[in-house]
Amino acid sequence: MKITLNILLLFVLFQSSAQNLVPNGDFELGPDSSSTGWGYFVDTLCSNTVPVNGPDSWFSTVGSPDRMVEGTVFTCNWDLDTAQSGNAWIDFGYNEAGKTTLTSSVLQDSTYHLSAYLKHESFQGFATDTHRIAFVFNGGDSISSFLVVQSQNWQLFDTIFTATSNSTELTIKGVVLGFSGTKIDNLLLERINIASLPEDKLEVKNVIQIVDTMGRETEDRPNTLLIYVYSDGTSEKVFRVE
């Protein structure tokens, strides 16, 4: 994977490519209640061996990731929780993985923005080990969450990468660090165009507001994806490396 390190990177999103390439990335499409896996799954605690469909456009590759819905969480140790937004999220435990086909192929040498909200799955306080998630593209790129998922609050995982090969599928893998899991919500993958400009170029039009990817006003800071709002009504995604 090639990481672009410019003094100032302005991420200008073309209308044709500024779309989420991950189908059902918010996991809202699926059964109305929590599933016990994306296939035949034997849960001795819940005594459940019935196959239940997982979220639309996704299927299990290893183990049995679980799609959880607010208000329908089983009593067999899953956290009684709320989604980051909407009412559904996905739980990945140790050695569990799920795969989806992208709506458009990831193209070699193109640059992409990947983000997701992550939260620790403690199984109602029983699991205290840390956990990690890896995003793996079938063309060869693999992006591991550098965030050690142990927080009881939703945290934004946000990265920018240049693809080293073409890819048509994305797999999420639970990385074993012990008995624990990770909740995932609002997964976003979008192609972006990069233009490198000197800092004084920004003075051509005035910056009137800086917000983060959630739309919250913030101060300018390096190594963080921000949105600059200009006096002429335009806006740009900016990632400044220091």
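Predicted model: local features only at pLDDT ≥ 70, side-chain atom pairs only at ≥ 80, totals over all residues.
A salt bridge is defined here as a side-chain nitrogen of Lys or Arg within 4 Å of a carboxyl oxygen of Asp or Glu. Strands are DSSP runs (E, at least two residues), numbered from the N terminus. Residues are numbered from 1 along each chain as its sequence is written, and side-chain values use heavy atoms, with hydrogens and water left out. Local features need pLDDT of at least 70 and side-chain atom pairs count only at pLDDT 80 or more, while totals for chains, interfaces and linings use all residues.

The relative accessibility is 6% for Asp79 and 1% for Lys183.

The side chains of Asp81 and Lys119 also meet in a salt bridge, at 3.0 Å from N to O. Because Asp81 lies in the loop between β3 and β4 and Lys119 in strand β6 (residues 111–121), this pair ties together parts that are 38 residues apart in sequence. Asp81 counts as buried at 15% relative accessibility, as does Lys119 at 8%. Asp79, Asp81, Lys119 and Lys183 are linked in a network of salt bridges.

Across the whole structure, the search finds five salt bridges. One of them connects Asp212 with Arg216, with the closest N and O atoms 2.9 Å apart. In this pair Asp212 is buried, with a relative accessible area of 10%, whereas Arg216 is exposed, with a value of 53%.

Strand β7 (residues 132–137) is mostly covered, with five of its six residues buried. Pairing between strands requires that DSSP find at least two bridges between them. Strand β7 runs antiparallel to strand β10 (residues 167–175), to which six bridges join it; within this pairing, Leu170 of β10 is the bridge partner of Phe137. Strand β7 also pairs with strand β8 (residues 142–144) in the antiparallel sense, over three bridges, and here Phe135 stands opposite Ile143 of β8. Strands β7 and β8 form a hairpin with four residues between them. In the turn of this hairpin, Gly140 has a positive phi of about 130 degrees.

Note on methods:
Buried < 20%, exposed > 50% of the residue type's maximum accessible area, 1.4 Å probe, protein only.
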